[in-house]
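Here is a brisk report on one protein model.

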Amino acid sequence: MIPLLDLNLEYKMFKSEIEQSLYEVLKSGSFILGDKGKELEISIAKFIGTSHGIGLANGTDALLLSLEALGIGHNDEVITTTFSFFATAEVIARVGATPVFVDIDPVTYNMDPLLLENVITEKTKAIIVVHLFGQPADMDKILNISKCYNISVIEDTCQSIGATFGGKKVGSFGDTGCFSFFPTKNLGAYGDGGMVVTNKQYINEKICLLRNHGCEVRYIHNEIGTNSRLDELQAAILLFKLKMLNEWNLKRGKLASRYTHYLKPHLKTPVVACGRSHVFHQYCVELDDRDELALFLHKKQIATGIYYPVPLHLQEAFQYLKYKEGDFPVAEETSKRILALPMYPLMTKNQQDKVISSIKEFMSGER
């Protein structure tokens, strides 16, 4: 089977280094808010180009605590894309605010900035911009609009660590950048993990407080917080894997270029927008008979994925927002046509050749 992502192979290749990293933590006896976590916070902030990094339990909490740190809550509105993982909008509802959706650009799959001003009201307090599949959104246009209306910007960079817009890494543009270290991400832990990066000292202080039960001094609680701390075992693994992130992102890019070269004549392939670098967390193609191709590849022992089969505005959990089918036609059509192909930096040429030849076979009708 050719998987979407091969974490077992990754572990086999770096078993001794990973286990040594874990051993160092076990030997130290320090498991939460220790030296490894602090080193990772400094390293990620430096990598992204921000002043601060705050390690958290997961990427969802990174988004949630960003909203809380910015004071967003009941009676506020937050604009985001309808084509993303559920957590992007879930956190808006969790703080009591109202998610307001916009459609996507059909080329990049990111939020269409031309639609933003149409939904801004006096209640709009923030924009959560998603850099989907590893490609940056149009930050120039989004930031210009946010500044014009004095709206905060939170970057959902959970799929795009290392990607750049105009030579600057995503996560460094907004009030906060939010990262997930879920195992399947380009920089993945062996469990849940996340981080917020920011250049604003007050946000750094606020999220550090919130992640630890609102506590600066042990057992003295300044406010209501939560328990969202990145543990030392995950931090140790991430510190090791961070050393290889640039190389692995480059390998993803080479695999993507090769996919595009051979598949572009047969179906819709990804386009990297001008002035942006794409780290290909996912490599997604589009075609009318998506489900038939997915079944065909499955029979060939090739895994595929659908990101995402139902746009957020049509999810049952958001029925109370009163959106309906047809409100965001680009996202709705994309959800019916999109298919993710195997993509991971340790993928071999022979594996990719099998994926490519199988797709060509399907598209030729010779199956």
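## Buried residues of α11

A residue counts as buried when its relative accessible area is under 20%. The model is a predicted one. By that cut-off, helix α11, residues 329-337, has these buried residues: A331, E332, T334, S335 and R337.

## The α2 and α8 crossing

Helix α2 spans residues 15-28, and helix α8 spans residues 232-242. Their axes come within 9 Å. They cross at roughly 145°, and the crossing is right-handed.

Which residues make the contact? From α2 come E17, I18, S21, L22, V25 and L26. From α8 come E232, L233, A236, I237 and F240. Sorted by class, the contact of α2 with α8 has eight nonpolar residues, one polar residue and two charged residues.

## The largest pocket

The largest pocket holds about 550 Å³ of space. It is lined by 29 residues. Closest to the centre of this pocket are F85, F182, T184, K185 and H281.

Which helix gives the largest share of the lining? That is α4, with three residues. Helices α4 (59-69) and α5 (87-94) each supply at least two lining residues. By class, the lining of the largest pocket has 14 nonpolar, 11 polar and four charged residues.

Key. Residues numbered from 1 in each chain as written. Predicted model: local features only at pLDDT ≥ 70, side-chain atom pairs only at ≥ 80, totals over all residues. Heavy atoms only, no water. Axes fitted to C-alpha atoms, helices over the stretch in contact; angles between N-to-C directions. Helix = DSSP H or I, 4+ residues; strand = E, 2+ residues; numbered from the N terminus. Left-handed = near helix turned anticlockwise from the far one by under 90°. Contact = heavy atoms within 4.5 Å. Nonpolar A, V, L, I, M, F, W, Y, C, P; charged D, E, K, R; others polar. 1 Å grid on protein atoms, 1.4 Å probe; cavity = no way out; pocket = protein on both sides within 12 Å on 5 of 7 lines; lining within 4 Å. Points joined across faces, edges and corners; volume = space filled by probe spheres on them. Buried < 20%, exposed > 50% of the residue type's maximum accessible area, 1.4 Å probe, protein only.
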